[in-house]
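Colleague: I have not seen this one before. Could you walk me through a few parts of it?
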Amino acid sequence: MAEGDHPAPDGQGGGSWNYHVEDPGKAASVAGSAPGGDPIEWTASEFIDHDKGPIWYVVLAAGTLGICAVLFFWLHDMVTIVAITVLAIMIGIMAARKPRTLQYRLDRSGLSAGKQFHPYGKFKAFAVIDEGAFASITFLPAKPFNLPVSVYFSPDDESKILEITARHLPLQPGALDVFDALMRSLHF
């Protein structure tokens with residue numbers, strides 16, 4: 001493991017989360033830098049990978065069959081049954097997807113996540129979401145139908161990342177919404 005690498009804590013996504021500061025000396029100087037700050041770069045998984053064994057997929061299939069049976073006897077509508085089945089298949093495919101490791105960069109102009117750039121003007125605020133062993137920053141969109149952007153990082157660099165972000169966006173108290181809490185409880 002190279003200097004600056006931090007493996008995931010045991011029991012979190014099978015160790016698939018990896019953090020790496022490109023230039024540890026540069027990242028360490030962010031807190032005491034001039035206004036605007038130096039950029040900070042790191043690599044991390046795009047989401048937490050929860051291991052889903054065969055039982056998870058069996059429960060998905062059984063739940064889908066149960067919902068389809070109830071709706072068929074209640075509505076007698078095959079279009080609804082087909083739509084729910086397609087949705088369940090899509091959920092199964094998305095659940096099997098493994099996270100990519102992305103290069104992140106936070107600087108004066110915005111957030112770069114892989115090949116995507118998100119200027120600060122695209123967001124109205126940010127929130128820090130505590131997810132147990134991990135924390136993430138969620139950038140909240142300024143426009144109603146845009147999606148929030150969540151970024152994971154090493155707990156060691158939380159203060160540096162928050163300092164840079166707070167120069168450009170207000171901090172909003174954050175917690176998992178009902179949908180996110182449900183997805184995490186299902187290990188999705």
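**Rings and a sheet**

Modeller: F72 is partly exposed, at 34% relative accessibility. Keep in mind that this is a predicted model.

Colleague: And F73, buried or exposed?

Modeller: F73 is exposed, with a relative accessible area of 62%.

Colleague: How many aromatic pairs does a search of the whole structure find?

Modeller: The search finds four. One of them joins F72 and F73, with ring centres 5.7 Å apart. Their planes stand at 70°, which is over 60, so this pair is edge-to-face.

Colleague: What about the rings of W56 and Y57?

Modeller: Their centres are 5.1 Å apart and their planes are at 75°, so that pair is edge-to-face. Y57 is partly exposed, at 29% relative accessible area.

Colleague: Which charged end sits over the ring of W56?

Modeller: That of K52, 5.9 Å from the ring centre.

Colleague: Changing topic: what is the order of the strands in the open sheet?

Modeller: The order is 7-8-9, three strands with antiparallel pairing. Strand 7 (123–131) and strand 9 (149–153) each have a single partner strand, so one side of each has no neighbour in the sheet. On average, neighbouring strands are turned by 25° against each other, direction ignored.

Colleague: How many bridges are there between strand 7 and strand 8?

Modeller: Eight, in the antiparallel sense, with strand 8 covering residues 134–141. F123, for instance, has P141 in strand 8 as its bridge partner.

Colleague: Which helix lies across these strands?

Modeller: Helix 4, residues 158–166, lies across strands 7, 8 and 9. Helix 4 runs at about 165° to strand 7.

Note on methods:
Residues are numbered from 1 along each chain as its sequence is written. This is a predicted model: local features need pLDDT of at least 70, side-chain atom pairs count only at pLDDT 80 or more; totals for chains, interfaces and linings use all residues. Side-chain values use heavy atoms; hydrogens and water are left out. Two strands pair if DSSP finds at least two bridges between them. Helices (H or I, at least four residues) and strands (E, at least two) are DSSP runs, numbered from the N terminus. Axes are lines fitted to C-alpha atoms, for helices over the stretch in contact, and angles run from 0 to 180 degrees between N-to-C directions. Contact means heavy atoms within 4.5 Å. Rings of Phe, Tyr and Trp (its six-membered ring) pair if their centres lie within 6.5 Å; planes under 30 degrees apart count as stacked, over 60 as edge-to-face and the rest as tilted. Buried means under 20% relative accessible area, exposed over 50%, partly exposed in between (1.4 Å probe, protein chains only). A charge sits over a ring if NZ of Lys or CZ of Arg is within 6 Å of the ring centre and within 35 degrees of the ring normal.
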